[in-house]
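Hi there,

Have a look when you get a moment.

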Amino acid sequence: MITRFQVQEIYEQPFTNLLYEAATVHRANHDPTRIQLCQLENIKSGRCSEDCKYCPQSAHYDTGVEEYGLETVEAVRDAALAAREAGATRLCMGAAWRGPKDGRDFDRVLEMVREVRSLGMEACVTLGLLNAQQAQRLAEAGLTAYNHNLDTSPEFYGEIITTRTFEDRLATIANVRNAGITVCSGGIIGMGESRGDRIGLLHSLATLDPPPESVPINLLVPVAGTPLENSMPVDSLELVRCIATARILMPTSRVRLSAGRMRMSNEVQALCFFAGANSIFSGEKLLTTPNPGGADAALLAALGMEPEVI
Ligand code: SAM
Ligand code: DTB
Ligand code: SF4
């Protein structure tokens, strides 16, 4: 199994060598002109009991985010149809929960999954911590992927999130894996972590057995009211190094250039795609914060890239 030191050696090699290696791995495993479009839908917003210092939806912080309970299946169906119309092939439904409680709400989420699948789209949900039985029920409903981010290195985790542990996250990922659902897991950069923490996160992801099928790399979206609102922006070249290293470590996975694209130039995004990113969130909104939306068509056209179709 790859060691953390070997990951560091990949990550810290001269930039042009890193990019060349990543692009080589990328084209050996994927068509570099194709990109997956995933659309987010916030199915339950705000008032989350968890204390995650980056998150505008935590009840611990006053961020003025819109708050609502679990959406209806009809609302999700409408969102899925609009997303499909706009070219997305996957709907990613997020809930501001520590984890789902069995009962009416969880049953409704299962119904949402069936509905999205019936429209011919991939369905992903991110509901927080899951037990084995919940994972099994999601699998039976036809869920394509479960998103559950490790977010940062094991050592830095406790500085950012105090209401659960890194091991709790690993246990949920194991439950998802055992149920036969594909895993989507990545992290956030720009939270004040060191380069060593970024390397630790990538090492943790790459040594999951098997590694996640999809790896979202988020750049922190600093939101007023959260403890990280004044975080120093991370150097763009660090972001590109993270994407390239993820691509080399996980050759067949999808690497998603996730949150934070509003603050990235076209050139930085183009470098990320060259380094192996092959998925983005489409639409005007992530969960609660803005996303490029309509501007993406021009970017993809300028780069000669085409959205993936199912
Ligand atoms: N509550 C569930 C959980 O935490 O697993 C699912 C929803 S939570 C909003 C999903 C992910 O969004 C987090 O793990 C984090 O990686 C990302 N996220 C939340 N706030 C963010 C922010 N301000 N900037 C970048 N990523 C963020
Ligand atoms: C992921 O890694 N990024 C998405 C999705 N998985 C659920 C969420 C990004 C949230 C950004 C902040 C917001 O819009 O609230
Ligand atoms: Fe809740 Fe998820 Fe936000 Fe943490 S990241 S506060 S668990 S919605």
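First, the ground rules. This is a predicted model, in which local features need pLDDT of at least 70 and side-chain atom pairs count only at pLDDT 80 or more, while totals for chains, interfaces and linings use all residues. Residues are numbered from 1 along each chain as its sequence is written, chains are lettered from A and ligands numbered from 1 in the order in which they are written, and side-chain values use heavy atoms, without hydrogens and water.

Ligand 1 has 18 residues around it, with Y54, N149, D151, R169 and V221 coming nearest (around means a heavy atom within 4 Å). One of its oxygen atoms is 2.9 Å from a side-chain N or O atom of N149, and an oxygen atom is 3.0 Å from a side-chain N or O atom of R169. The protein covers 90% of the 560 Å² of accessible area that ligand 1 has on its own (Shrake-Rupley method, 1.4 Å probe).

Ligand 2 is surrounded by 13 residues, the closest being N149, N218, L287, T288 and T289. An oxygen atom of ligand 2 is 2.9 Å from a side-chain N or O atom of N149.

Y54 is also among the residues with the most contacts inside the largest nonpolar core, which has 87 residues (buried Ala, Val, Leu, Ile, Met, Phe, Trp, Tyr and Cys joined through side-chain atoms within 4.5 Å; buried means under 20% relative accessible area, 1.4 Å probe, protein chains only). Apart from it lies another core of eight residues, including C38 and C92.

Best wishes

Note on methods: Buried means under 20% relative accessible area, exposed over 50%, partly exposed in between (1.4 Å probe, protein chains only). A polar contact is a pair of N or O atoms within 3.5 Å; within protein, one must be able to donate a hydrogen and the other to accept it, and residues adjacent in sequence count only if both atoms are side-chain atoms.
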